[in-house]
Amino acid sequence: MSSTIETTRLGTDGPLVGVQGLGCMGMSEFYGPTDTGEALATLERALELGVTLFDTADVYGSGANEELIGPFVRAHREQVVLATKFAIERRADDPHYRGINNDPAYVRKAVDASLRRLGVDVIDLYYMHRRDPRVPLAESVGAMAELVAAGKVRHLGLSEVTGPELREAHAVHPIAALQSEWSIFARGVERSAVPAAAELGVALVPYSPLGRGFLTGAFADAGQLDAGDFRRHLPQFTGENAAGNAELVAPIRKVAEQHGATAAQVALAWLQQRTGAHGLTAVVPIPGTRRRARLEENLGATRLVLGEEELAELEPISARVSGGRYADMSSTADAREV
Ligand SMILES: NC(=O)c1ccc[n+]([C@@H]2O[C@H](COP(=O)([O-])OP(=O)(O)OC[C@H]3O[C@@H](n4cnc5c(N)ncnc54)[C@H](OP(=O)(O)O)[C@@H]3O)[C@@H](O)[C@H]2O)c1
C-alpha cells in the first residue's frame with residue numbers, strides 16, 4: 001500500500017486530519033501483551049500512509065501510553081494531530097478503581113501532567129473523557145476553554161455525551177469532535193448525539209469501531225482472550241451473549257466476501273458512509289491496532305463503498321446485540337439519555 005488517504009476537517013475550525021485515525025490505547029494496556037517495537041513501527045507507518053489523528057488518553061496505562069507515543073509525536077510535531085483526554089482517575093492501590101473528575105482544578109492539573117508526559121507544549125485536541133454530573137458542564141468546559149486561551153490546547157472535544165450535553169458545551173466553546181463508541185454493533189450515539197453533532201458541525205470520531213476486535217472475527221468469546229484482557233469483563237463477549245453476538249458477525253463477513261474485503265474493512269466503510277446518512281460534516285474512525293499489517297488492512301477501508309442492499313443487510317444487526325458495552329454503564333451517555 002503506497003497512496004495516502006484523503007483529509008477532512010474536525011469541526012468548523014478544527015484541524016485537518018486523515019479520514020481514518022489511529023487508536024493507540026491497546027499499545028499500552030487493555031488488550032493483552034504488546035510488542036513495543038511493532039507498536040512504534042505502526043505509528044510511523046500510519047503517518048506515512050496519511051493517518052494524522054493519533055488518539056491517546058491520560059488513563060491508558062496510567063500515563064504510559066502518552067509516554068510511549070511522546071517521542072513519535074515530537075519527531076513529527078507538524079504533521080501529527082495529537083488527541084488526548086482527561087477525566088478518569090485511577091488509584092495505584094486498586095487497579096479496578098475508576099473515578100470520574102471534571103472539576104476545573106482537576107482539568108488544569110490533568111493537562112499539565114499530560115503535556116509533561118507527552119513532552120510537548122500544546123495538545124491539538126483535548127477531550128473530556130467522561131462526564132461527571134457532580135460538576136456543571138459549563139464550568140468544566142469553561143475550564144477547558146481557558147486552556148485554549150492559555151495556549152496549552154488547540155481544540156476541544158467530548159466523549160460519551162448526549163445531544164443536549166453537546167449543545168450545552170458547544171454554547172460555551174466550539175467543540176471540534178465528539179468521540180463516542182459507534183459501530184455496526186453500537187448505535188446508541190445515533191439517538192441524540194449524532195443529530196446534535198450534524199446540526200452544530202461537530203465531527204464524529206467513533207471509538208471501538210471494530211467492536212474492540214469482535215466484528216473482525218478475531219475472537220468469538222472472551223474466554224479465548226488472555227487472562228488480563230479487559231474484554232473478558234465485557235458482557236457482550238461472555239457466555240450466551242457472546243454466542244448470539246458471534247452469529248451477528250456472519251452478515252458482515254458475507255458483505256466483505258462480496259467485495260474481496262475483510263470484515264474489519266466493511267465495519268470501517270460502514271462508519272465512513274454514516275457521514276452522508278446523518279448529514280455530518282466528518283466521521284473519522286480511530287481503529288486501534290498495534291500492528292502494521294492490520295493498520296494497512298484497516299486503511300484499505302477508505303477505498304471501499306458499500307451498496308444500498310449491503311447497508312440494508314447490516315442495518316438490523318445492532319438491535320439484535322445482547323449484553324452491555326461495559327459491565328458498568330453508569331458513566332456512558334446511554335445512562336443519561338432521556
Ligand atoms: N473515548 C473512549 O471512551 C474510548 C474507549 C475505548 C477506546 N477509545 C479509543 O478508540 C481506539 C479504538 O478503539 P478500541 O481499540 O477499543 O477498539 P477497536 O478499534 O474496535 O478494536 C481494536 C482491537 O481490534 C484488533 N484489530 C484491529 N484491526 C484489526 C483487523 N484488521 N483485524 C482483526 N483485528 C483487528 C486490535 O488488535 P491488534 O492491536 O492486535 O491489531 C484490537 O484488539 C482506542 O485505541 C482508543 O484510542 C476511546
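**Entry 1: confidence**

I started by reminding myself that this is a predicted model. The chain averages a pLDDT of 97, and 99% of the residues score at least 70. Then I looked up which element scores lowest and which scores highest. Strand 7, residues 94-100, has the lowest mean pLDDT at 87, while strand 4, residues 53-55, has the highest at 99. I also jotted down a caution: where pLDDT is low, the predicted coordinates should not be read in detail.

**Entry 2: helix 11**

Next I picked helix 11, residues 292-299, and asked which of its residues are buried. They are Leu-295, Asn-298 and Leu-299. Looking down the axis of helix 11, I found these buried residues within an arc of 100 degrees, so they line one face of the helix. My reminder for this: an α-helix has 3.6 residues a turn, so residues three or four places apart point the same way. What do the buried residues of helix 11 pack against? I noted strand 3 (22-23), helix 1 (36-48) and helix 9 (263-272).

**Entry 3: aromatic rings**

I counted the aromatic pairs and got eight. I zoomed in on Phe-30 and Tyr-60, whose ring centres are 6.3 Å apart with the planes at 90 degrees, so this pair is edge-to-face. The cut-off I needed here is that planes over 60 degrees apart count as edge-to-face. Phe-30 sits in the loop between strand 3 and helix 1, and Tyr-60 in the loop between strand 4 and helix 2 (64-75), so the pair ties together parts that are 30 residues apart in sequence. Both Phe-30 and Tyr-60 are buried.

Then I went to Phe-185 and Phe-214. Their ring centres are 5.8 Å apart and the planes are at 55 degrees, so I wrote this pair down as tilted. Where are they in the chain? Phe-185 is in the loop between strand 10 (175-181) and helix 6 (193-200), and Phe-214 is in the loop between strand 11 (203-207) and helix 7 (239-247), so the pair ties together parts 29 residues apart in sequence. Phe-185 and Phe-214 are both buried too. I also saw that Phe-185 and Phe-214 form one aromatic cluster with Phe-219 and Phe-237.

**Entry 4: charges over rings**

I checked for charged ends sitting over rings. The charged end of Arg-231 is over the ring of Tyr-31, 4.3 Å from its centre. Arg-274 has its charged end over the ring of Trp-270, 4.4 Å from the centre.

**Entry 5: salt bridges**

How many salt bridges does the structure hold? I got 21. My side note: side chains of opposite charge can pair when their charged atoms come close.

I looked at Glu-66 and Arg-117, which meet in a salt bridge at 2.7 Å, N to O. This pair links distant parts of the chain, with Glu-66 in helix 2 and Arg-117 in helix 3 (residues 104-118), 51 residues apart. Is Glu-66 buried or exposed? Glu-66 is buried, with a relative accessible area of 0%. Arg-117, at 23% relative accessibility, counts as partly exposed.

Arg-77 and Asp-124 form another salt bridge, at 3.0 Å, N to O. Arg-77 is in the loop between helix 2 and strand 5 (81-86), and Asp-124 is in strand 8 (residues 123-128), 47 residues apart. Arg-77 has a relative accessible area of 18% and is buried, because buried means under 20%. Asp-124 counts as buried at 7%.

For Glu-146 and Arg-108, the closest N and O atoms of the salt bridge are 3.8 Å apart. Glu-146 is in helix 4 (residues 137-149) and Arg-108 in helix 3, so the pair ties together parts 38 residues apart in sequence. Glu-146 is partly exposed at 48%, and Arg-108 is partly exposed at 39%.

I finished this entry with a network of salt bridges that links Glu-160, Glu-181, Arg-325 and Asp-334.

**Entry 6: Ala-250**

Last, I looked up Ala-250, which is in helix 8 (residues 250-259). Ala-250 is partly exposed, with a relative accessible area of 43%. From Ala-250 to Gly-217 I noted 9.0 Å in space, C-alpha to C-alpha, and 33 residues in sequence.

Key. Residues numbered from 1 in each chain as written. Predicted model: local features only at pLDDT ≥ 70, side-chain atom pairs only at ≥ 80, totals over all residues. Heavy atoms only, no water. pLDDT = per-residue confidence, 0-100. Helix = DSSP H or I, 4+ residues; strand = E, 2+ residues; numbered from the N terminus. Buried < 20%, exposed > 50% of the residue type's maximum accessible area, 1.4 Å probe, protein only. Arc of directions from axis to C-beta. Contact = heavy atoms within 4.5 Å. Phe/Tyr/Trp six-rings, centres within 6.5 Å; stacked < 30°, edge-to-face > 60°. Lys NZ or Arg CZ within 6 Å of the ring centre and 35° of its normal. Salt bridge = Lys/Arg side-chain N within 4 Å of Asp/Glu carboxyl O.
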